[in-house]
Amino acid sequence: MPEQVAAGHQETPAQEVGDFLRRRREQIAQRWADAALFRTVFTVSREEAVEAGRAVVEALAAVAAAERVEEQEADGFSVVREQLARMAASRSRAGSTNSQISVEVDALRMPVVDLLIAELEGRPAEDVRDCTTALTVLMGTLRLVVLETLLSAGQELINRQHLQLLEVATPVIKLWEGIVAVPLIGTLDSARSQVVMETLLDSIVEQHARFAILDITGVPTVDSLVAQHLMKTVAAARLMGAECIVSGIRPAIAQTIVHLGIDLGTVKTQASLADALGYALRKQGAHIVPQDPHHAGSR
Amino acid sequence: MQTAGGVSACLPIHSDLDLVWVRQHVRQAAAQLGFGLVAQTKLVTAASELARNTLVHGGGGQMECAPVSRGGGQGLRLSFSDEGPGIPDLDQALRDGYTSGEGLGMGLGGARRLVHEFHVDSRQGRGTTVTVTSWVSGPPRPREEQ
C-alpha cells in the first residue's frame with residue numbers, strides 16, 4: 001500500500017484536477033470561447049463556442065478522473081475526438097498550418113492553469129506543483145489528440161488524391177484527324193494502366209482514330225510488368241482497328257529493355273512523339289511540305 | 001543532401017505503393033554512389049522486378065539496401081527477402097518465359113541480366129532471399145568488366 005499522508009479523502013493530483021475541471025466547467029468554457037481556436041471556428045454564436053468548450057472540458061475531466069492524463073487513447077477523448085477533428089479541419093481549411101493549430105490548442109492551457117492555481121491558494125506548494133503538472137500533461141495530451149486528427153485527415157487526403165491522379169494523369173489528346181496520343185507520366189501500375197487502356201480505346205472509337213500514340217517519355221522505369229501492359233494496350237488497340245505506336249523510349253530504358261530480354265518486336269516504336277506523329281501522318285498519306293515563302297499564297 | 005546513411009535502408013514491401021518507394025530509393029542511392037544513368041536504370045528495373053516478385057510470389061517482405069566496396073570499387077547491394085512458399089525449381093524459375101502467374105516470365109532471369117552479381121537463397125516453405133549487387137566501377141559502362 002502506498003502510504004496515505006492524510007486521512008480519508010486523499011486523491012491523486014490527476015483526480016483532483018478532474019474534480020476541479022468538473023466544478024469549473026462553465027467558467028473554463030466561457031474563457032475558452034474567447035480563445036482563438038474556439039472564436040475562429042464557431043463564428044455564428046458565442047453560445048455555440050461555449051457549448052463546444054463544455055464538451056471538451058467534460059472529456060478532459062473524465063480522462064483526469066480515470067488517471068489517464070498521458071494517454072491519447074483514453075476513453076474520455078473518444079467523445080470529443082470527432083468535434084476536435086472538425087475544429088482542427090476548419091482551422092486547417094482557413095489556412096493554418098499544423099503547428100499554428102497546435103499553438104492555438106496550447107493557448108487553451110494558461111486560462112485553466114490560472115484558475116487552478118487561484119483555487120489551490122493556501123495549499124502546500126507541493127500539492128500546487130503536482131496538480132499543475134497533471135493539468136499541463138493533460139493539456140499536452142489534448143494537443144496531441146488534435147494533431148493526430150489533423151495527420152489522419154492528411155492521410156485521407158493523400159489517399160483521395162491518389163485516386164484522383166488515376167484519372168487526371170491520362171488525358172487522351174487528339175493530334176490530328178484520326179491520330180490520338182496519350183502522354184504517360186509517372187508509375188504505370190496495374191490500376192493506372194487499366195485506366196490508360198480504357199480511355200485510349202474509348203477515344204479511338206470517339207475520334208475514329210486509326211493511329212494511337214503511347215508516349216512513355218515520362219515513365220521512369222519500364223520493367224516487365226509495364227512492358228506487358230504496353231503490349232496488351234497495343235494489342236487491344238489493334239483489335240479496334242487502330243495502329244498503336246509507342247514513342248519516347250529513352251536510351252537508358254531501351255538498353256534496359258534489351259537486357260531484360262523483353263521482345264517488343266510486335267510493337268511499332270518511334271524515338272519521339274514528333275517522329276511518331278510524322279510516321280502516322282505519312283501512313284495516312286499526308287505530306288508535310290515546308291512552306292515556300294515565294295508561293296505562300298498558292299496553297 | 002543525404003549522407004552515406006541515406007543509402008542504407010530497410011524498406012517494407014507490402015503493396016504497390018511500396019514498390020514506388022523501393023524504386024525511388026534505389027534510384028537515389030545509385031545516383032548518390034555515382035552510378036551512370038544507364039546503370040541506374042538497370043538497377044532500378046531489376047529492383048522493381050525483384051520487389052514485385054517479393055510482393056506477388058512471396059506475399060510481401062522487405063528490401064535491404066546497403067553500399068558495398070571491394071578492391072576500391074563501390075557498389076550497391078540489394079537484398080529482397082520474403083517468408084513465402086519459396087521457389088520449388090530455381091533453374092525453371094530463372095528460365096525466360098517461365099511464369100507461375102500471369103506475367104511475361106522475364107522477371108527473375110531479366111533481373112539477373114541487369115546486375116553484376118545475383119544470388120538466390122530459397123527454401124521450400126521457408127521463404128526466398130534474392131541478393132543482387134552492382135558496381136559503379138568506372139561509369140558509365142559497369143557491365144564491361146563481367
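This briefing describes a predicted model of a complex that includes chains A and B. Local features are reported only at pLDDT of at least 70 and side-chain atom pairs only at pLDDT 80 or more, while totals for chains, interfaces and linings use all residues. Residues are numbered from 1 along each chain as its sequence is written, and chains are lettered from A in the order in which they are written. The predictor assigns the complex an ipTM of 0.79 and a pTM of 0.66.

**Chain A**

- Chain A contains twelve helices and five strands; helices (H or I, at least four residues) and strands (E, at least two) are DSSP runs, numbered from the N terminus.
- Of its 299 residues, 34% count as buried, meaning that 20 or more other C-beta atoms, placed from the backbone, lie within 10 Å of the residue's own.
- Among contacts in chain A between residues at least 6 apart in sequence, 72% join residues at least 24 apart; a contact requires C-beta atoms, placed from the backbone, within 7 Å.
- Helix H4 of chain A (residues 46-65) has 20 residues and spans 28 Å from its first C-alpha to its last, close to the 28 Å expected at 1.5 Å times one less than its number of residues.
- The buried residues of H4(A) include Ala49(A), Val50(A), Gly53(A), Val56(A) and Leu60(A).
- Glu67(A), which follows H4(A), has a positive phi, near 55 degrees.

**Helix pair in chain B**

- The axes of helices H1 (residues 16-33) and H2 (residues 37-56) of chain B come within 9 Å and cross at roughly 150 degrees; axes are lines fitted to C-alpha atoms over the stretch in contact, and angles run from 0 to 180 degrees between N-to-C directions.
- H1(B) and H2(B) are therefore roughly antiparallel to each other, a term for angles over 145 degrees.
- Residues making this contact include Leu19(B), Val22(B) and Val26(B) of H1(B), and Leu43(B), Val44(B) and Ala47(B) of H2(B).

**Interface between the chains**

- In the model, 21 residues of chain B are in contact with 16 residues of chain A.
- On the chain B side, H1, H2 and helix H4 (107-114) each give two or more residues.
- H2(B) gives the most to that side, with nine residues.

**Confidence in chain B**

- Where pLDDT is low, the predicted coordinates should not be read in detail.

Terms used
A residue is buried if 20 or more other C-beta atoms lie within 10 Å of its own, exposed if 12 or fewer, and partly exposed in between; C-beta atoms are placed from the backbone. Angles under 35 degrees count as roughly parallel, over 145 as roughly antiparallel, 65 to 115 as roughly perpendicular and the rest as oblique. Two residues are in contact if their C-beta atoms, placed from the backbone, lie within 7 Å.
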